Amino acid sequence: MCGFTAVFSRNRNFLSQINLTKISDLQHHRGPDSKGYISEQNGFMFHNRLKIIDISNKSNQPFVSKSSGNVIIFNGEIYNYKELRKILKNRKFYTNSDTETILYLYEKYGDKFINKLNGIFSLVIFDKKRNLLFSARDRFGVKPLYYFIDKEKIIYSTEIKSILAINKYYSLNFNEIKNYIS
């Protein structure tokens, strides 16, 4: 069970006010083996890792593609990642992780790669070349992926408390609460 948070905004002042240590510490219980952070053009990506599949530090996250510079933060397990590596036979792998496999599948198939995954997951990919965010979770929502979006920013996290710590001003959408409960 890993934890992550991603924050992207056009407002550099908003980004400069984020307490990076606090965000990482809020999710420490989700991944005590490693914590990582990366700053991108308009945002940040944090990750707390619980090492399971590939316990080497080469698989720490945020994970950056050596060929494209794309970045992924991921929580979960892809059960068929070894089989998926076979369809990426021309790709050089630097780890034994399912995380690296996911990122290279995205680079080969775009957002259609998600249909190839068998597992439980939540993820955010920052496509550096296209300046695009891609996010997804498994079909049954086993691994949580919460988000907040407004005109100024988007925040993704595996826990709501990280979103609340970053975005101190919020209101409840009672229609969405009703939909969620029903």
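Author: Happy to; we will look at a pocket, a core and a helix. Keep in mind that this is a predicted model.

Reader: Let's begin with the pocket. How does one find empty space?

Author: Rolling a probe the size of a water molecule over the atoms shows where empty space is left. Here the largest pocket holds about 980 Å³ of space.

Reader: Which residues lie nearest the centre of the largest pocket?

Author: Those are Y146, Y147, I160, E176 and I177, out of 19 lining residues. Strand 8 (146-149), helix 5 (160-166) and helix 6 (174-181) each give two or more residues to the lining, and strand 8 has the largest share, with four. Sorted by class, the lining has 13 nonpolar, four polar and two charged residues.

Reader: Now the core. Which residues have the most contacts inside the largest nonpolar core?

Author: F113, L117 and L123 do, in a core of 20 residues. Helix 4 gives the most to this core, five residues. As for F113, its contacts beyond four places in sequence are I102, L105, Y106, L123, I125 and F134.

Reader: Why is helix 4 said to be largely enclosed by the rest of the structure?

Author: Count its buried residues: nine of the twelve are buried, so helix 4 is largely enclosed. The buried ones run from D98 through to Y106, and they pack against strand 4 (63-64), strand 5, helix 3, strand 6 and strand 7.

Reader: What happens just after helix 4?

Author: There, G110 adopts a positive phi of about 65°.

Methods:
Residues are numbered from 1 along each chain as its sequence is written. This is a predicted model: local features need pLDDT of at least 70, side-chain atom pairs count only at pLDDT 80 or more; totals for chains, interfaces and linings use all residues. Side-chain values use heavy atoms; hydrogens and water are left out. On a 1 Å grid over the protein atoms alone, a cavity is a set of points where a 1.4 Å probe fits but cannot get out, and a pocket is an open set with protein on both sides within 12 Å along at least five of seven lines; lining residues have an atom within 4 Å of a point. Grid points are joined across faces, edges and corners, and a volume is the space filled by probe spheres set on the points. Ala, Val, Leu, Ile, Met, Phe, Trp, Tyr, Cys and Pro count as nonpolar, Asp, Glu, Lys and Arg as charged, and the others, Gly among them, as polar. A nonpolar core is a set of buried Ala, Val, Leu, Ile, Met, Phe, Trp, Tyr and Cys residues joined through side-chain atoms within 4.5 Å. Buried means under 20% relative accessible area, exposed over 50%, partly exposed in between (1.4 Å probe, protein chains only). Contact means heavy atoms within 4.5 Å.
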